[in-house]
Amino acid sequence: MFISIYLSRNVVAITQSASPLGKLGIEAALEAAADPSIAPKPKIFDEFALTDRVGLVSGGNRGLGLEMALACCEAGARVVYCFDLPEKPSDEWIASRDYVVKLGNNSRLEYLSANVTDQQALWKRAEEIGDKEEEWTFASHTDCLEYPAQDYREVLDVNTNGVLFTAQAAGRQMSRFGRGGSIILIASMSGSITNRGHAWVSYNSSKAAVLQMARSMACELGEKKIRVNSLSPGHIYTSMTAAYLDKQPHLFDVWSGMNPLGRLGRPDELRGVVTWLASDASTFCTGSDIIVSGGHHSW
Ligand SMILES: NC(=O)c1ccc[n+]([C@@H]2O[C@H](COP(=O)([O-])OP(=O)(O)OC[C@H]3O[C@@H](n4cnc5c(N)ncnc54)[C@H](O)[C@@H]3O)[C@@H](O)[C@H]2O)c1
């Protein structure tokens with residue numbers, strides 16, 4: 001970090017940091033005005049590039065995790081490691097890995113079998129990745145008065161503890177290499193609102209905890225240039241929601257009618273926001289919750 005001070009008319013501008021991409025926006029325009037030999041080039045898409053970055057995505061065998069991992073590869077990440085429970089990756093993961101190879105942008109997807117509730121194992125896997133890559137940038141309907149203790153603990157163990165342990169695994173490597181990074185915790189709109197008609201006290205509580213985890217980690221890790229944000233999807237059609245909706249098909253229309261856009265979201269509709277949060281296009285964003293819910297939370 002450095003401080004530069006320059007005078008522009010009567011305004012004293014103090015810059016505490018500089019974009020790794022050089023001058024951007026108005027600064028680039030002023031530079032070009034002062035030096036006619038400069039040939040301006042669009043840089044906005046360069047800001048979203050994840051060139052040479054290393055990613056770790058938990059739950060990356062399918063659904064939103066895999067969709068996000070693939071988006072990061074398309075944005076140029078050197079490699080994205082997908083952690084998930086099965087020993088062997090799914091067919092859609094293999095198709096995605098092969099797709100990345102065919103993109104020809106030197107990016108790759110890797111699969112590792114790991115349980116996010118096993119903190120020590122997760123830290124170890126992440127450390128091995130750190131050693132290898134050496135660079136990091138960078139995730140039942142029951143009455144609340146009757147909710148069984150064991151079921152409640154299990155939901156929090158995966159959704160809350162597992163998220164913390166994964167973020168720790170990545171954050172420790174970011175801290176080790178001292179170059180900062182971006183951690184994105186996948187929460188849910190259910191961390192801020194309660195889904196009408198559903199008795200999901202464990203899920204909702206687990207996601208509310210993730211929101212506060214992101215804010216809290218952001219405040220602790222800002223000085224290490226590690227940004228931590230949460231991403232809160234609304235109803236997105238994935239294997240997880242399909243399993244629920246297939247048993248209660250009438251809910252498809254009910255859920256669709258609960259947001260102003262009148263439909264469920266697609267996993268690919270999270271590609272832009274996750275790439276933005278992972279990249280230098282969001283360098284001043286930390287401790288925030290980004291809600292992508294088709295407006296569900298606005299009603
Ligand atoms: N789909 C939605 O509508 C929606 C909405 C809001 C938030 N979310 C959140 O997004 C995330 C992904 O949801 P999805 O719809 O893609 O679900 P999904 O069930 O399709 O994928 C979740 C993945 O996590 C893996 N997983 C589960 N327990 C694990 C463990 N202990 N260790 C490692 N991996 C584990 C599963 O094997 C699976 O591959 C979840 O945190 C979910 O709560 C989803």
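Colleague: Which residues come nearest to the ligand?
Modeller: Gly59, Gly63, Ser188, Thr238 and Met240, out of 24 residues around the ligand. A residue counts as near if its C-beta atom, placed from the backbone, lies within 6 Å of the molecule.

Colleague: And which elements give two or more residues to that shell?
Modeller: Helix H3 (63–74), strand S4 (79–84), helix H6 (149–177) and helix H8 (239–247). Helices (H or I, at least four residues) and strands (E, at least two) are DSSP runs, numbered from the N terminus.

Colleague: Is this a predicted model, or what is it?
Modeller: Predicted: local features need pLDDT of at least 70 and side-chain atom pairs pLDDT 80 or more, while totals for chains, interfaces and linings use all residues. Residues are numbered from 1 along each chain as its sequence is written.

Colleague: OK, new topic. At what angle do H3 and H4 pack?
Modeller: About 5°, with the axes 10 Å apart; H4 covers residues 91–103. Axes are lines fitted to C-alpha atoms, for helices over the stretch in contact, and angles run from 0 to 180 degrees between N-to-C directions. That makes H3 roughly parallel to H4, a label for angles under 35 degrees.

Colleague: Which residues of H3 make the contact?
Modeller: Leu66, Leu70, Cys73 and Glu74, meeting Glu92, Trp93, Ser96, Val100 and Leu103 of H4. Contact means C-beta atoms, placed from the backbone, within 7 Å.

Colleague: What does valine 80 touch?
Modeller: Leaving aside neighbours within four places in sequence, valine 80 is in contact with Gly55, Val57, Ala69, Cys72, Cys73 and Leu109.

Terms used: Parallel < 35°, antiparallel > 145°, perpendicular 65-115°, else oblique. Contact = placed C-beta atoms within 7 Å.
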